[in-house]
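This report describes a structure for a reader who is new to the subject. The sequence and the structure are shown first, and the description follows.

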2 protein chains.
Amino acid sequence: MAKRVTLSDVARRAGLSPAAASMILNGRPDTRLSEEAHNRVNTAAAELGYRPNLAARSLRTEKTQTIGFVSDQVATTRFASGLIKGALDAAEKADHVVLVTETGGDPRREAAAIDALVDRQVDGIIFATMRARELFVPELPSGTRAVLLNATNPRYTTSVLPDELQGGTDAIRRLCAAGHRSSIVLLGQSDELEKDAFRSVTVGRRITGIRREMARSGIAFEAEESVWIWDPEFGYEAMNRLIDRVPDVRAVVCMNDRLAFGAHAALAERGLSVPDDVSLVSFDNDEVAAYLRPGLTTVALPHQQMGARAVELLLGDDAPGEHLVPMPLIERSSIAAPRG
Amino acid sequence: MAKRVTLSDVARRAGLSPAAASMILNGRPDTRLSEEAHNRVNTAAAELGYRPNLAARSLRTEKTQTIGFVSDQVATTRFASGLIKGALDAAEKADHVVLVTETGGDPRREAAAIDALVDRQVDGIIFATMRARELFVPELPSGTRAVLLNATNPRYTTSVLPDELQGGTDAIRRLCAAGHRSSIVLLGQSDELEKDAFRSVTVGRRITGIRREMARSGIAFEAEESVWIWDPEFGYEAMNRLIDRVPDVRAVVCMNDRLAFGAHAALAERGLSVPDDVSLVSFDNDEVAAYLRPGLTTVALPHQQMGARAVELLLGDDAPGEHLVPMPLIERSSIAAPRG
DNA sequence: TAGCCCTGCTGAAACCATTTAGCAGAGTCG
DNA sequence: CGACTCTGCTAAATGGTTTCAGCAGGGCTA
């Protein structure tokens with residue numbers, strides 16, 4: 001069984017010392033080794049198919065070209081895989097590789113995951129949550145870099161979040177641009193009922209963006225329905241209540257696509273067609289948004305960009321702070337000019 | 001900044017040699033070190049908060065307690081994240097951690113990913129594909145273990161696949177159990193048109209399971225519609241054609257849930273209700289299957305179990321070969337006794 | 001009392017790359 | 001000619017763990 005090729009083998013074949021070979025292969029800048037030496041080492045390495053032993057290298061350098069990704073959930077939502085994919089892609093570009101772990105939100109599992117990553121001397125850790133929130137992060141060995149993905153934390157202040165304020169704003173702008181100025185309802189949230197309820201940092205901003213832009217345009221919601229669990233069935237029920245309250249509803253703003261999915265079903269049952277009778281705008285760009293007929297116009301959660309941004313921040317040297325990534329409006333066909 | 005605690009520190013504090021400490025902490029079986037020594041070392045390690053330097057250990061042992069996961073796709077389908085989650089969970093149980101990479105099906109990226117993993121001396125690699133197929137796996141360094149997940153390969157014969165034959169069988173059994181014996185149609189596949197087309201290993205088995213069980217029960221499809229891309233819109237179109245061909249259709253077997261989703265819409269439009277007029281059974285247990293009203297009865301692709309099985313096989317010493325994991329029938333409410 | 005085994009432990013090599021200090025020789029300057 | 005610099009390279013230490021060979025000393029047998 002073929003033994004591994006080591007640096008010494010390369011050096012020997014090139015007629016140089018391992019030290020020289022090391023410097024050359026690592027492209028050290030201000031070394032004084034000859035052109036000639038460079039060539040000999042490089043060809044020797046190529047001929048032998050040399051691959052450095054990363055364990056040995058890490059032992060010396062304490063770097064691993066590896067980053068850790070600690071997430072509370074990986075399988076449940078598309079959101080998670082988008083974040084991971086974004087991180088993977090960016091890591092690949094930076095010649096890093098990523099160790100993925102899942103904690104299920106359990107602090108014990110989280111601690112274990114962090115230990116496992118720190119033991120492997122990852123160059124940095126990304127902490128991701130699926131529902132944006134303040135995240136508890138245990139003390140890390142000094143020198144371990146960390147960035148929060150879709151989360152915030154008072155100590156580790158470098159974080160990546162979707163720009164929900166802008167997203168909320170754009171959703172309303174789009175509706176206004178289509179000519180909607182009245183008979184608009186809000187599905188999913190109601191300030192009266194939820195004054196003190198804490199949903200998440202991002203939901204708060206989303207709703208602020210929405211309301212602020214409504215105010216700026218001088219229009220108001222005709223009715224609002226609060227929904228606790230943003231799943232299709234509850235969207236369906238809430239939409240029915242909204243139709244009862246506002247029979248001439250012309251536009252509905254849904255807090256997310258799953259609610260919109262339910263709303264769509266309720267509208268269809270009442271004989272109201274989208275977008276001819278009622279326009280629909282929503283958030284997240286969930287898978288179902290594309291399945292619906294007509295396709296749902298929605299403000300996307302830019303998972304992949306967020307994941308990518310997180311690794312760029314982890315590896316780069318940007319200033320700490322909140323980094324917002326824009327939420328693009330995905331135009332499909334659920335918005336039209338109001339009837340009549 | 002606190003320096004790392006090393007094995008020597010522990011040994012010194014225990015008044016023993018590093019060699020002794022190493023053996024004790026690793027629980028070597030037939031060492032002759034005293035009870036007393038064990039205690040001293042263990043308490044010293046605990047007091048100092050000793051954590052072994054894994055880079056150093058790997059350098060010696062060539063093991064890393066790390067496994068590699070190479071997948072063609074991670075973000076696109078729920079399937080991918082299920083596989084990953086299953087693998088993550090099983091790895092965690094076995095005290096391993098997993099390096100996830102994505103290739104997008106590009107052989108160059110795949111080669112790069114494998115290099116990156118091999119360089120990091122992973123204990124084994126899982127190769128996963130989202131659409132089951134024969135997968136090309138480049139030569140690996142001898143001694144690198146590999147298992148194929150949702151894929152097959154002539155050289156690396158350890159693979160895990162869903163038991164589609166059983167899945168197909170169970171779908172039909174369920175329909176029969178409800179009393180369906182005629183006016184049954186198949187949506188998504190048609191032998192006449194697709195005799196020579198290759199879909200994937202698993203689709204082939206799924207359809208075989210279906211047809212074999214139909215034959216066994218002495219019944220036959222009234223009509224079949226082939227669909228190339230298994231997305232809702234095409235399911236919708238195909239269902240319309242099927243209703244035209246078989247106006248008294250009583251049951252439809254859909255090749256997957258996205259098709260079923262489209263079929264559901266088409267049926268609703270024609271005033272046919274599920275399950276009272278028409279029963280629906282399908283495959284995959286996609287997210288949409290639960291969103292539909294009524295909920296879709298479907299034969300699930302057991303992602304997580306498959307992912308978990310893969311790491312068990314990678315780490316254990318089972319015989320090579322194809323390992324099938326059962327596809328559970330998820331009962332919701334799209335099947336009822338045929339009308340009339 | 002030599003020879004042997006057994007117990008409980010240690011010394012040192014090995015794993016492999018990186019890095020610092022420094023050496024030999026040639027050339028330059030005053 | 002001596003001091004100095006510059007060039008092109010190497011020796012050796014370093015990082016932390018595992019593991020093999022073996023040592024010291026006590027007890028036992030012949």
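Helices (H or I, at least four residues) and strands (E, at least two) are DSSP runs, numbered from the N terminus. This is a predicted model, in which local features need pLDDT of at least 70, side-chain atom pairs count only at pLDDT 80 or more, and totals for chains, interfaces and linings use all residues. Residues are numbered from 1 along each chain as its sequence is written, chains are lettered from A and ligands numbered from 1 in the order in which they are written, and side-chain values use heavy atoms, with hydrogens and water left out.

**The surface near DNA strand D**

A residue is near a strand if one of its heavy atoms lies within 4 Å of it. DNA strand D is surrounded by 27 residues, and the closest are Ser34(A), Leu7(B), Tyr50(B), Arg57(B) and Arg60(B). At least two residues of this surface come from each of α2 (18-25) and α4 (54-61) of chain A and α2 (18-25) and α4 (54-61) of chain B. The largest share, five residues, is that of α4(B).

By class, the surface near DNA strand D holds 15 nonpolar, seven polar and five charged residues. In this classification Ala, Val, Leu, Ile, Met, Phe, Trp, Tyr, Cys and Pro count as nonpolar, Asp, Glu, Lys and Arg as charged, and the others, Gly among them, as polar. Of the atoms of DNA strand D within 4 Å of the protein, 57% belong to sugar or phosphate, and the rest belong to bases.

**The surface near DNA strand C**

DNA strand C has 26 residues around it, the closest being Leu7(A), Tyr50(A), Arg57(A), Arg60(A) and Ser34(B). Sugar and phosphate make up 57% of the atoms of DNA strand C that come within 4 Å of the protein. Here α4(A) gives the largest share of the surface, four residues. The classes are 13 nonpolar, eight polar and five charged.

**Contacts with phosphate oxygens**

A polar contact is a pair of N or O atoms within 3.5 Å; within protein, one must be able to donate a hydrogen and the other to accept it, and residues adjacent in sequence count only if both atoms are side-chain atoms.

| Residue | Part of the residue | DNA strand | Distance |
|---|---|---|---|
| Ser17(A) | backbone | D | 2.9 Å |
| Ser22(B) | side chain | D | 2.8 Å |
| Asn26(B) | side chain | D | 3.1 Å |
| Leu7(A) | backbone | C | 2.4 Å |
| Ser22(A) | side chain | C | 3.0 Å |
| Ser17(B) | backbone | C | 2.8 Å |

**The two protein chains**

How is one copy placed relative to the other? Two copies of a chain are related by a rotation about an axis and a shift along it. Chain B can be laid on chain A with an RMSD of 0.1 Å by a turn of 180 degrees and a shift of 0.0 Å along the axis, the superposition being by least squares on the C-alpha atoms of residues with pLDDT of at least 70 in both. The two copies are therefore related as by a two-fold rotation axis. In chain B, the C-alpha of Leu99(B) is the nearest to this axis, at 2.2 Å.

**Domains of chain A**

Domain bounds come from an automatic or database domain assignment. For chain A this assignment gives domain 1 (7-52), domain 2 (66-161 + 304-324) and domain 3 (164-301). Between domain 1 and domain 3 of chain A, the C-alpha centres lie 63 Å apart.
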